[in-house]
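Q: I have not looked at this one before. Can we go through it step by step?

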Amino acid sequence: MKSRIIGTGSYLPEHIRTNYDLEKMVDTSHDWIVARTGIEERRIAADSQCTSDLATIAAQRALDMAGVAADDIDLIIMGTITGDYPWPATACVVQANLGANKAFAYDVSAACSGFLFALSSANDFLMSGRGKRALVIGAEIFSRAIDWTDRNTCVLFGDGAGAVLLEAQEGDSGVLSCHLHSDGKYLELLYQPGFGSRNPASIEGIEAKLPFLKMQGNEVFKVAVRSLTQVSKEALTANGYTSADVAQFIPHQANLRILEATTKRLGLTKEQSFINVHKYGNTSGATIPIALDEAYHQGLLKEGDLILSAAFGGGFTWASTLIRW
Ligand code: UT7
């Protein structure tokens, strides 16, 4: 038995914020952002939308593609760090929105690696027989967790959602392996200081901008390239493959320079690597399922293809998966 992806879906909010828009908000330039990140524009959710709204549309699209009714899902796991509420899980809101009445639902907090951590958990449930179909979602409204006066971070992120529907099936196609890693000693290089039990909600905390992302970008950059390369090689080696066997590499989309450095170290060609960071920026836990959906609809993922995916994010967390499409 393997967990096979039988449906993909994504949703990107309609509103586009370009680098030229950002030039009017902070001391930056289109040329600087493109040269350092490859990002040209990102999507921003409407004021009326919350993360579950984006996730529900992406999830419904994955169900529609597979022709599966919401009632036939056994579990919903969602990677997000910008959910509707601190608790309960946004996956529960999505479960109610979809009418997935028999599914249990919870969120995974692994920042930009959230989707792959969620996929790994869902795969374990299906492979142990605790369900036949699992919805795995990555969704974020990062525009509400960043300081729009901080040019170091606000140019990098965007909003969006993606989802895949997994089904336990006999055969060779499906998830071949998942590799997960964490290292909490790097926490303060990339985190949201407030508001939790460490820094509870307070007026002073709002004035100090604690509920916004804090990042030491160049330190994160170095560890990201190293970790993405290591965990991608780990996936290939564990399954007896090399980079030459990979049809598509679908990495977390944080920064074009990180992606180029990683693909170079892995010996992958441009044609093997899927990139859409120029259109959406870093949508954290949503980048990989959005990219999977786009790659599929562009005809880049064909039956039997070997698909490698890897992510890196706050925690630090990093992960990979190898999938036989
Ligand atoms: O998913 C994981 C989450 N995070 C990441 O993956 C982010 C990883 N890091 C990065 O992508 C890069 O480190 C950044 C894109 C954030 C920054 O690029 P960098 O090449 O590491 O630049 P830097 O931080 O070393 O800054 C270089 C200069 C600084 O000026 P000084 O001190 O040299 O005068 C910054 O103040 O660029 C300045 N700068 C900017 N200038 C114009 C920083 N942000 C901007 C900006 N526009 N938006």
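**Ligand, salt bridges and surface**

A: An oxygen atom of the ligand lies 3.1 Å from an N or O atom in the side chain of N282. Keep in mind that this is a predicted model.

Q: How much of the ligand does the protein bury?
A: The protein buries 74% of the 950 Å² that the ligand exposes when taken alone.

Q: Which elements give two or more residues to the shell around it?
A: Those are α2 (30-37), α6 (151-154), α8 (217-239) and α9 (256-266). The largest share, four residues, comes from α8.

Q: And how many residues surround the ligand, and which are the closest?
A: There are 23 residues around the ligand, and the closest are T28, R36, R151, H252 and N255. For N255, a polar side-chain atom is 2.6 Å from an oxygen atom of the ligand.

Q: What is the shell made of, by class?
A: It has 11 nonpolar, eight polar and four charged residues.

Q: Changing topic: how many salt bridges are there?
A: The count comes to eight salt bridges. One of them joins K102 and D74, whose closest N and O atoms are 3.6 Å apart.

Q: Where do K102 and D74 lie?
A: K102 is in the loop between α4 (90-98) and β5 (104-108), and D74 is in the loop between α3 (51-66) and β4 (75-79), so the pair ties together parts that are 28 residues apart in sequence. K102 is partly exposed at 49% relative accessible area, whereas D74 is buried at 17%.

Q: What about E167 and R133, how far apart are the closest N and O atoms?
A: They are 2.6 Å apart, in a salt bridge. E167 belongs to strand β7 (residues 159-169) and R133 to strand β6 (residues 133-141), so this pair ties together parts that are 34 residues apart in sequence.

Q: Is E167 buried or exposed?
A: E167 is buried, with 12% relative accessible area. R133 also counts as buried, at 18%.

Q: And K185, buried or exposed?
A: K185 counts as exposed at 66% relative accessibility. Its salt bridge partner is D183, at 2.8 Å from N to O, and D183 is buried at 19%.

Q: Last topic: which residues form a nonpolar patch on the surface?
A: F195, I203 and I206 do, with about 290 Å² of accessible area together. I203 lies in helix α7 (residues 203-207) and is exposed, with a relative accessible area of 57%.

Note on methods: Residues numbered from 1 in each chain as written. Predicted model: local features only at pLDDT ≥ 70, side-chain atom pairs only at ≥ 80, totals over all residues. Heavy atoms only, no water. Patch = residues over 30% accessible without salt bridge, like charges linked within 9 Å, V, L, I, M, F, W, Y side chains within 5 Å. Areas by Shrake-Rupley, 256 points an atom, 1.4 Å probe, with all protein chains shown as cover. Salt bridge = Lys/Arg side-chain N within 4 Å of Asp/Glu carboxyl O. Buried < 20%, exposed > 50% of the residue type's maximum accessible area, 1.4 Å probe, protein only. Near = heavy atom within 4 Å. Polar contact = N/O pair within 3.5 Å; in protein donor to acceptor, adjacent residues only side chain to side chain. Nonpolar A, V, L, I, M, F, W, Y, C, P; charged D, E, K, R; others polar.
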